[in-house]
Amino acid sequence: MKAIMIVGTTSHAGKSLLTAALCRILSRRGWRVTPFKGQNMALNAYVTSSGGEIGYAQAVQAWAAGVSPRIEMNPILLKPQGDMTSQVILKGRAVGKVSAADYYEHYFEPGWQAIEESLRRLGEEFDLVVCEGAGSPAEINLKHRDLTNMRVAKHLNASTILVVDIDRGGAFAHIIGTLELLDPDERALIRGIVINKFRGQRSLLQSGIDWLQERTGIPVIGVIPWMEDSGFPAEDSLDLFERRTSQSNRDLTIAVVRLPRISNFTDFDPLESESTVTVKYVGPKDSLGYPDAVIIPGSKATIADLLTLQKTGMAEEIQNYAAAGGTVLGVCGGFQMLGKILADPEGLEGHEGRYKGLGLLPLKTVITGQKVARQRLVSSNFPQTGLPVSGYEIHQGRTQVMEGEGVQLLFEDANLGVVDKSLSVWGTYLHGLFDNGPWRRAWLNRLRQQRGLKSLPTGISNYREQREALLDALATQVESHLDLGPILP
């Protein structure tokens with residue numbers, strides 16, 4: 001199998017975006033192409049059809065390649081817990097919770113075996129693999145145990161692209177420094193440099209490019225301009241601090257609580273695609289304000305984040321907002337927080353005991369060791385009956401309605417979510433809910449009716465069609481600024 005590797009001088013250089021663009025570009029050229037990231041650290045996850053977890057970015061890259069996501073595309077996923085430990089997902093399954101030191105002691109060899117096995121299986125089906133690195137390939141204190149960057153590139157003898165974010169400044173120093181810290185056999189694999197997120201006049205950069213090519217002997221194969229609305233999902237919560245609030249003066253404002261350990265916030269990308277909706281992320285210490293709806297998203301440490309909301313006063317703000325008739329939606333961990341009781345009898349999240357939830361829904365949740373990870377296709381009961389809804393579950397906890405309390409089932413499956421009698425407080429375990437266009441519009445229309453606004457059409461396509469258009473536009477724009485001649489085998 002032929003291979004291209006994409007490494008970056010830093011985190012957030014644009015590796016994930018460039019990988020997705022290349023997958024779509026090469027697929028359009030007739031290659032049977034697959035993405036691959038040996039080890040990923042992210043809290044945005046996707047569940048494949050086999051019930052295995054991979055990084056959400058790798059799922060998007062698979063869609064860009066025109067293939068279904070599978071666990072071999074990301075054999076190791078590390079999900080930070082927020083207490084200097086991470087949950088280890090190996091070949092799609094949760095296998096333990098470890099510190100960084102314990103991870104490399106216990107999982108380095110099994111991890112590399114999983115990477116080799118995954119690449120072998122992908123090689124049986126695909127012509128070309130586009131591999132994404134992580135962070136920087138030149139962290140000298142980590143190189144000996146790096147499972148993601150040049151170890152994979154050398155294993156595949158991959159033509160490697162080094163990408164740099166010029167918007168942050170210091171791009172030339174980042175490139176030269178990275179190359180200097182690579183071993184000679186690693187540096188020999190770097191066949192092209194891509195300068196990403198460039199703002200300004202291209203001609204003003206040319207003297208620097210000429211110097212760089214003469215100094216390194218490596219061609220600059222692309223200068224990709226800043227793309228304000230690439231539509232590519234963020235990979236981790238740090239991106240939320242750089243994300244601008246969507247356009248103001250829109251009809252509706254939806255506030256998403258930016259939990260310290262927020263996960264799967266890609267759930268809300270379809271809301272941001274709505275031209276009538278402003279999505280703003282609100283930190284626990286911020287003022288909630290007066291939005292049309294509040295969303296409490298997923299969390300990798302639900303109890304710890306619940307305690308943070310209570311300590312900062314955000315919990316009381318949400319309770320007061322709901323008491324005044326506001327609409328609140330909890331997804332996964334946020335769903336669990338909406339209940340009356342959250343119990344972790346085994347201390348699986350590091351907080352053994354019983355905790356008082358927000359009390360907005362009559363629910364009791366018990367955190368359990370058995371993880372639920374599966375795709376779902378169900379029919380809705382609310383806000384409109386009979387809408388087909390697809391998504392996926394990822395949670396460690398069982399939630400039950402407390403006896404004698406009246407709520408309504410959100411879907412035909414009683415375990416997937418409930419809504420109160422006034423249709424004001426919603427809770428669900430279903431990730432990807434807003435991807436379903438008709439359901440999303442029906443839910444938004446209820447908010448619009450409360451504002452006296454005209455309803456929007458609900459006979460629309462699902463978000464995947466918009467995502468396809470975004471991926472096509474991304475690939476077209478990147479391809480126009482990229483020379484793949486030195487890279488393609």
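This is a predicted model: local features need pLDDT of at least 70, side-chain atom pairs count only at pLDDT 80 or more; totals for chains, interfaces and linings use all residues.

Modeller: Residues are numbered from 1 along each chain as its sequence is written, and side-chain values use heavy atoms, with hydrogens and water left out.

Colleague: What is the order of the strands in the open sheet of 4 strands?

Modeller: Strands (E, at least two residues) and helices (H or I, at least four) are DSSP runs, numbered from the N terminus. Two strands pair if DSSP finds at least two bridges between them. The edge strands, β3 (39–41) and β8 (93–99), each pair on one side only. With mixed pairing, the order is β3-β6-β7-β8.

Colleague: How many residues of β7 are buried?

Modeller: Buried means under 20% relative accessible area, exposed over 50%, and partly exposed in between (1.4 Å probe, protein chains only). Thr85, Gln87 and Ile89 point one way from β7, while Ser86, Val88 and Leu90 point the other way, and all are buried. β7 is largely enclosed by the rest of the structure, because the buried count is 6 of the 6 residues.

Colleague: How are α1 and α2 oriented to each other, roughly parallel or roughly antiparallel?

Modeller: Axes are lines fitted to C-alpha atoms, for helices over the stretch in contact, with angles from 0 to 180 degrees between N-to-C directions. Angles under 35 degrees count as roughly parallel, over 145 as roughly antiparallel, 65 to 115 as roughly perpendicular and the rest as oblique. Helix α1 (residues 15–28) and helix α2 (residues 56–65) pack at an angle of about 20°, with their axes 7 Å apart. That makes α1 and α2 roughly parallel.

Colleague: Which residues is leucine 474 in contact with, leaving aside its neighbours within four places in sequence?

Modeller: Leucine 474 sits in helix α14 (residues 463–479) and is buried, with a relative accessible area of 3%. Contact means heavy atoms within 4.5 Å. Leaving aside neighbours within four places in sequence, the contacts of leucine 474 are Leu17, Ala21 and Met227.
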